[in-house]
Amino acid sequence: NNRLLVGVMEEHNVAFMLMVERLPAGDSLIVTIATAIYTGCVSFSGQCYGAVKYKRIDRLVLTASALGCGAIALCALVCTLFPRPLLGIFAADPVVVEAGISKMLVLAWGYVLYACSEAMLGALRGMKKSTVPTLINAIVLCIPRLLWVYFIFPLHPTMMMLYLCIPITYVLNIITQGSYYLYCRKKQNNALLQDSKTSTLQ
């Protein structure tokens, strides 16, 4: 049973990744959207940081998160409405297609959360905060998944259970990145307040 599960997982993983890579003209459309959100946030937040217009960075994160989530949710909706035709392009085996649907639906909707974390990550790096966000990504996205595979997955060894760790770690990433973002913004606001008090005294 375990060998059969591994064989099916390997085959439908190939089918799913081929679908993700080939449908949007050779690149992953979902990842491209998230990357665009990240790149735009890095650029614009860097300009706002240099101009000491920190409140614009807050609006940027909210707007970019909404745009990214909306665009990726649209892609996820297409995957939800037409899962078999999409996977059927790359796999003929019904067992592989059905298994691939589970992964596709979990990952497609999980990427909606990914857009939010990318917006905050881009804003933080535009504010010259790179080390801590990178460590957060490495720790929060990797370690919980390893723990899930070794301790949670064996309790109910199905492919759906395996894939659930991905959106869960995205939620954890949003919480940790968001907490660090709020901490940095609070420090910036306190610094501005202190500067204004100093200017008034002078």
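Tutor: Gladly! Keep in mind that this is a predicted model. Let us start with Val149, whose relative accessibility is 35%.

Student: Why is Val149 called partly exposed?

Tutor: Buried means under 20% and exposed means over 50%. Val149 has 35%, so Val149 counts as partly exposed. Val149 sits in helix H6, which covers residues 131-152.

Student: What makes Val149 part of a nonpolar patch on the surface?

Tutor: A patch takes residues with over 30% relative accessible area and no salt bridge, and nonpolar side chains are joined within 5 Å. Val149 is grouped with Leu135, Ile139, Ile143, Leu146, Leu147, Tyr150, Phe151, Ile152 and Leu155. Together the patch has about 1000 Å² of accessible area.

Student: Stepping back, what is the secondary structure of the chain?

Tutor: The chain has eight helices and zero strands, and from the N terminus its elements read α-α-α-α-α-α-α-α. Of the 202 residues, 39% are buried.

Student: Why are H2 and H5 called roughly parallel?

Tutor: Two packed helices are described by the angle between their axes and the distance between the axes. For H2 (residues 29-50) and H5 (residues 94-126), the axes cross at roughly 20° and come within 7 Å. Angles under 35 degrees count as roughly parallel, and H2 and H5 are therefore given that label. Their crossing is right-handed.

Student: And what makes H3 and H5 roughly antiparallel?

Tutor: H3 (residues 54-81) packs on H5 at an angle of about 165°, with the axes 8 Å apart. An angle over 145 degrees counts as roughly antiparallel, and H3 and H5 therefore get that name. H3 also passes H5 in a right-handed crossing.

Student: How do you know that Arg185 forms a salt bridge with Asp58?

Tutor: The rule asks for a side-chain nitrogen of Lys or Arg within 4 Å of a carboxyl oxygen of Asp or Glu. In this pair the closest N and O atoms are 2.9 Å apart, and the rule gives a count of one salt bridge. Arg185 belongs to helix H8 (residues 165-201) and Asp58 to helix H3, so the pair ties together parts that are 127 residues apart in sequence.

Student: Are the two partners buried or exposed, Arg185 and Asp58?

Tutor: Arg185 has 5% relative accessibility, so Arg185 counts as buried. Asp58 has 26%, so Asp58 counts as partly exposed.

Student: What makes Val52 stand out in its phi angle?

Tutor: Most residues other than glycine have a negative phi. Val52 is not a glycine, and its phi is near 55°, a positive value. Val52 lies in the loop between H2 and H3, and a relative accessible area of 44% makes Val52 partly exposed.

Student: Which value of phi does Lys128 have, and why is Lys128 called exposed?

Tutor: Lys128 has a positive phi of about 65°, although it is not a glycine. Exposed means over 50%; Lys128 has a relative accessible area of 67%, so Lys128 is exposed. Lys128 is placed in the loop between H5 and H6.

Notes:
Residues numbered from 1 in each chain as written. Predicted model: local features only at pLDDT ≥ 70, side-chain atom pairs only at ≥ 80, totals over all residues. Heavy atoms only, no water. Patch = residues over 30% accessible without salt bridge, like charges linked within 9 Å, V, L, I, M, F, W, Y side chains within 5 Å. Areas by Shrake-Rupley, 256 points an atom, 1.4 Å probe, with all protein chains shown as cover. Helix = DSSP H or I, 4+ residues; strand = E, 2+ residues; numbered from the N terminus. Buried < 20%, exposed > 50% of the residue type's maximum accessible area, 1.4 Å probe, protein only. Axes fitted to C-alpha atoms, helices over the stretch in contact; angles between N-to-C directions. Parallel < 35°, antiparallel > 145°, perpendicular 65-115°, else oblique. Left-handed = near helix turned anticlockwise from the far one by under 90°.
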